[in-house]
Amino acid sequence: MSGLSMFFAQNAAMDTTEEYIVSPRFKDEKGEPVAWKLRSMTEDENQECRKAATRKIKGKNGVYTPDIDPNDYMARLMSASVVYPDLKNAELQRSYGVMGAESLLRKMLLPGEFASLGEQVQKLNGFNQDMNELVDDVKN
């Protein structure tokens, strides 16, 4: 590859998917923990999550400023990254007595599990990479 060809869409690694055991509480027929399937997303999808979690707050002199709810944003990011189980499945939502993928995640998971899933989703989507580490990798 020469020039810019390594940056062409057909040469870029696309969606990354991985399996992750969120909780030992969800078991298959054999009693083994069931892995959830997670996927990476594009920046466009990230922007949609951020926009959906943003509210306009009226400030001084009637000026509105955007305010992102970090908890709502994180829940949206997580639900957008979960491929399996299907968090949008109406039957699954009904079983927990909720409506919506984000509400389902909050109801299904214990606080530590929710945080662990959030960390894994962030890693999968590149939020864990420190710029200094990336610079060191490029130098080596």
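Student: What share of the 140 residues in the protein chain is buried?

Tutor: Buried means under 20% relative accessible area, exposed means over 50%, and partly exposed is in between, with a 1.4 Å probe and protein chains only. Here buried residues make up 29% of the 140 residues. Bear in mind that this is a predicted model, where local features need pLDDT of at least 70 and side-chain atom pairs count only at pLDDT 80 or more, while totals for chains, interfaces and linings use all residues. Residues are numbered from 1 along each chain as its sequence is written, and side-chain values use heavy atoms, with hydrogens and water left out.

Student: How many helices and strands are there in the protein chain?

Tutor: Helices (H or I, at least four residues) and strands (E, at least two) are DSSP runs, numbered from the N terminus. The protein chain has 6 helices and 5 strands, and their order along the sequence is β-β-α-β-β-α-β-α-α-α-α.

Student: How do I read the pairing of β3 and β4?

Tutor: Two strands pair if DSSP finds at least two bridges between them. Strand β3 (residues 54–58) and strand β4 (residues 64–68) run antiparallel and are joined by 5 bridges. As one example, isoleucine 57 has threonine 65 in β4 as its bridge partner. The two strands form a hairpin, with 5 residues between them.

Student: What is the phi of asparagine 61?

Tutor: Most residues other than glycine have a negative phi, and most peptide bonds are trans. Asparagine 61, in the loop between β3 and β4, has a positive phi near 60°. This residue is exposed, at a relative accessible area of 80%.

Student: And which peptide bond is cis?

Tutor: That's the one from tyrosine 84 to proline 85, with omega near 5°. Proline 85 sits in the loop between β5 (82–84) and α3.

Student: How are two packed helices described?

Tutor: By the angle between their axes and the distance between the axes. The axes are lines fitted to C-alpha atoms, for helices over the stretch in contact, and angles run from 0 to 180 degrees between N-to-C directions. Helix α1 (residues 43–52) packs on helix α2 (residues 70–81) at about 145°, with the axes 8 Å apart.

Student: Which residues of α1 and α2 meet?

Tutor: Contact means heavy atoms within 4.5 Å. On the α1 side you'll find Asn46, Cys49, Arg50 and Ala52, and they meet Asp72, Tyr73, Arg76, Leu77 and Ala80 in α2. Over the protein chain, among contacts with a separation of 6 or more, 50% come from residues 24 or more positions apart.

Student: How many aromatic pairs are there?

Tutor: Rings of Phe, Tyr and Trp (its six-membered ring) pair if their centres lie within 6.5 Å; planes under 30 degrees apart count as stacked, over 60 as edge-to-face and the rest as tilted. That rule gives 1 aromatic pair here. The ring centres of phenylalanine 26 and tryptophan 36 are 6.0 Å apart and the planes are at 55°, so the pair is tilted. Phenylalanine 26 lies in the loop between β1 (17–20) and β2 (36–39), and tryptophan 36 in strand β2, so the pair ties together parts 10 residues apart in sequence.

Student: Are phenylalanine 26 and tryptophan 36 buried or exposed?

Tutor: Phenylalanine 26 is buried, with a relative accessible area of 18%, and tryptophan 36 is buried too, with 2%.
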